[in-house]
Amino acid sequence: MEGYERENRKLLICISDPTILEFLTDAIRTYFEDVLDIISIRPSKLFDLDFEPTAAIVSHRTVSIVKERFPDTTLILQKRDLSGQALEKVVSLPDRSNVLVVNQHMDAANETINSFIELGINHINMTAYAPGNNIDTSHINAVIYTGVFEDCPKLDCPYIDIGLRKISLYTIIDIIRAFDLPSEYTKAYYNNSIQLFTASCYQIHNTLEQANTLKNNFEKICDINNNITFVINENNEIVLFNETAKKYFEIKNSQDIIGADYKEVFSSLPELLSCISADIPLTDALITIENQKLLLSSFEMDVDKSQNKAFTLLPLSTLKKREGMVRKKLRATGFTAKYTFDDILGSSTLIKQNKKLANVYAKTEFPVLITGESGTGKELFAQAIHNISSRRESNFVAINFAALPETLAESELFGYMEGAFTGASKSGKAGMFELAHQGTIFLDEIGDASLPVQAKLLRVLEEKEVVRVGGTDVIPVDVRIICATNKNLKAAISEGSFREDLYYRIKVLHLRLQPLRERPEDIMETISHLLVGEQAHALANLPNIRNTLIHYDWPGNARELRTVAEYINMLSSLSDREEALDMLNVYIENNLCADSCATAESFRRELKPENNLSPEPADQSTADYISPDLIVVLEAIFDLQNQGVTAGRNSICKTPGAKKMQLTESKIKNRLKKLEAMGCITVGKTKQGALLTDKGYHLIRQHGLNIK
Ligand SMILES: Nc1ncnc2c1ncn2[C@@H]1O[C@H](COP(=O)(O)OP(=O)(O)OP(=O)(O)O)[C@@H](O)[C@H]1O
């Protein structure tokens, strides 16, 4: 940059660094361009000048050469101040950070450090650095430089550019004095500086506010967290004591505790004191404070190289309360038994007996095995038992072995530890047994459990404790077991697919649920509960429909019955009654009669055109409706009785009626049970065979047989 000459008002600026030279020249021109000739020059060009300036601005580097060239010129050693740029970044550097402050020259770097200290920035350890200066930089956490990145050593840490330092007020005053200028020239400088500093103060204010917000948030989190929490620094001073801690240790004022030596604060609690002083990480260490058991954990606060240590204390009583709350929540999210005995429909002697028995079982803690065909209400009974047992306030956890892949069975039942297998949740997971703690576990389709799982189940039943997959800790569980199966477990034992020892363990109490066909009097009662509206009831009570429903075998039991009820409900909403009736007839014939010729025949016989939607009279007994196959069996018993032959399965099978209807011995066995349940026959325990009751005779007579 070439200057130009002006009589008596020549100010020379001679600085070796071209960037700083340009920066300073621009700044000085801003203030003095109208009154001074400003000549800006690098030291190498000094001897080309053919005039003597009134004053010269020099740096530590150029002072001697300028003095040598112009001995009579007033020399002004340039002084500079922080620009304010990125000051908030410097303020936000973590406490005790080791920071390199870089400048082209050591004295300028030291000047920058002094400026920082003057501003009150003393939370960091600053080391001056200039190129060529050999220092150990291994511990450096950040580098601060003043606009010239090339001067910095290359380190793997954050760099903060605080910009070229602006010219100092002292230099301005020196210039004013050297040229005897009016003091107003300082005004422009002040205005400019105030603007800069207002901006940087604003930034610093924001930064401090953010830091304060963070600190407040952190303290709030510690307060919300119900654990007793406190933090101690490397000088053994307490730096944080949350609200729970204050309550627990009965500290009224934060000022009484913050900054206090923990050894004094806890002097009367030797066990806590020794744990804190031991300087080893603790995870749920069991300690006693004034007869109360607590879990103590400690954490190194490895933040910003601080040596702070956090401690949390959790009273066991609080832990238990929380456990109870979690269990309640779990119950609310699905581990609930919703059915009670009132939901179990049916007033047959068989169902009444089973309800009575289950009521008694509920009052005990013994395992119960519920057997019965699919849909007979095994889970319904299990839930009802749980709901009147002493465990009703805790979880009812159901697991179905038929739906559970073998690979998952173990982890689902017993839980797993973090990282126990690929895909395992990070935090591990409690198994069904743990979730059922203090409640009931319902092991449905137990007959489908694999042999290895059976072995583990046996162990849990015997030891009353589980070990999570991938873990070693033994977790005690207090669980009531109810198992259910529709398989013949005795046969499974003979085949070797079910453990005999497990069988006897789970079958301390036994409940056998009879299928609907063994208690036909429950059919209409159950279906009535499921029908909605008069129209649906009218449809179901049409003689042919009602008769078919009563005599159908119901292999799917109540579940199948529900489907039929739903279909009738759907039809009942049709406006065309004739169409509804037609559809129902087709449905019944296709679905309920397809498997049973006898039912089909009876159904067709009764499906007369005059059938309309008027229901059966309410007092008509279900037993007045009987299918032809049952009539054939009744007739056979009648004939055999008359011949003096014992009416057993074998003899009935050989009668002409049974032969005509292709009734096998097992079908006859089934029909005999039905007739017995209907009260039409009695079957003696000895070899006397089946005998007709009055009702049996009545039915034969009613169906047109010629009985004398
Ligand atoms: N006696 C009953 N009263 C009312 N509803 C019943 C009755 N028995 C069974 N159910 C109903 O039938 C359906 C099947 O019942 P549940 O699941 O208890 O049978 P299950 O014997 O456990 O069947 P599965 O062996 O197929 O699991 C449920 O909708 C249930 O509400």
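1. The crossing of helices H18 and H21 is right-handed; a crossing gets this name if the near helix is turned clockwise from the far one by less than a right angle, and is called left-handed if the turn is anticlockwise. Helices here are DSSP runs of type H or I with at least four residues, strands are runs of type E with at least two, and both are numbered from the N terminus. The model is a predicted one, in which local features need pLDDT of at least 70 and side-chain atom pairs count only at pLDDT 80 or more, while totals for chains, interfaces and linings use all residues. Residue numbers start from 1 along each chain as its sequence is written.

2. The axes of H18 (residues 521–530) and H21 come within 9 Å and cross at roughly 50°. H18 is therefore oblique to H21, since angles under 35 degrees count as roughly parallel, over 145 as roughly antiparallel, 65 to 115 as roughly perpendicular and the rest as oblique. An axis is a line fitted to C-alpha atoms, for helices over the stretch in contact, and the angle runs from 0 to 180 degrees between N-to-C directions. On the H18 side, Ile523, Thr526, Ile527 and Leu530 meet Ala558, Leu561, Arg562 and Ala565 of H21. Sorted by class, this contact has six nonpolar residues, one polar and one charged. Here Ala, Val, Leu, Ile, Met, Phe, Trp, Tyr, Cys and Pro count as nonpolar, Asp, Glu, Lys and Arg as charged, and the others, Gly among them, as polar.

3. Trp554, in the loop between helix H20 (543–551) and helix H21 (557–572), has a positive phi of about 50° although it is not a glycine. Trp554 is buried, with 25 other C-beta atoms within 10 Å; the rule is that 20 or more such atoms within 10 Å make a residue buried, 12 or fewer make it exposed, and anything in between makes it partly exposed, with C-beta atoms placed from the backbone. Asn557 lies in H21, and its phi is also positive, near 50°, in a residue other than glycine. Asn557 has 21 C-beta neighbours inside 10 Å and so counts as buried.

4. Which residues have the most contacts inside the largest nonpolar core? They are Ile370, Phe381, Ile385, Val397, Phe433 and Ile441, in a core of 44 residues. Helix H12 (residues 378–388) gives the most to this core, with five residues. Another core, of 26 residues, lies apart from it and includes Leu12, Cys14, Ile15 and Ile76. A nonpolar core is a set of buried Ala, Val, Leu, Ile, Met, Phe, Trp, Tyr and Cys residues joined through C-beta atoms within 7 Å. In soluble globular proteins, nonpolar side chains tend to be buried together.

5. H12 also packs against another helix. The axes of H11 (residues 349–362) and H12 come within 8 Å and cross at roughly 45°. The two are therefore oblique to each other, and their crossing is right-handed. Ala358, Asn359, Tyr361 and Ala362 of H11 make the contact with Phe381, Ala384, Ile385 and Ile388 of H12. That contact has seven nonpolar residues, one polar and no charged.

6. Helices H24 (residues 628–643) and H27 (residues 665–677) have axes that come within 10 Å and cross at roughly 90°. H24 is therefore roughly perpendicular to H27. Asp629, Leu630, Val633 and Leu634 of H24 make the contact with Ile668, Arg671, Leu672, Lys674 and Leu675 of H27. These residues divide into six nonpolar, no polar and three charged.

7. Gln454 lies in helix H15 (residues 451–463). Is Gln454 buried or exposed? Gln454 is buried, because 20 other C-beta atoms lie within 10 Å. Leaving aside neighbours within four places in sequence, Gln454 is in contact (C-beta atoms, placed from the backbone, within 7 Å) with Ala449, Phe498, Arg499 and Leu502. Gln454 and Ser497 are 43 residues apart in sequence and 9.9 Å apart in space, C-alpha to C-alpha.

8. Cys653 is in helix H25 (residues 649–653). With 17 C-beta neighbours inside 10 Å, Cys653 counts as partly exposed. Its C-alpha atom is separated by 6.1 Å from that of Glu665, twelve residues apart along the chain.

9. For the chain as a whole, there are 28 helices and 26 strands. Buried residues make up 34% of the 708 residues.

Conventions:
Two residues are in contact if their C-beta atoms, placed from the backbone, lie within 7 Å.
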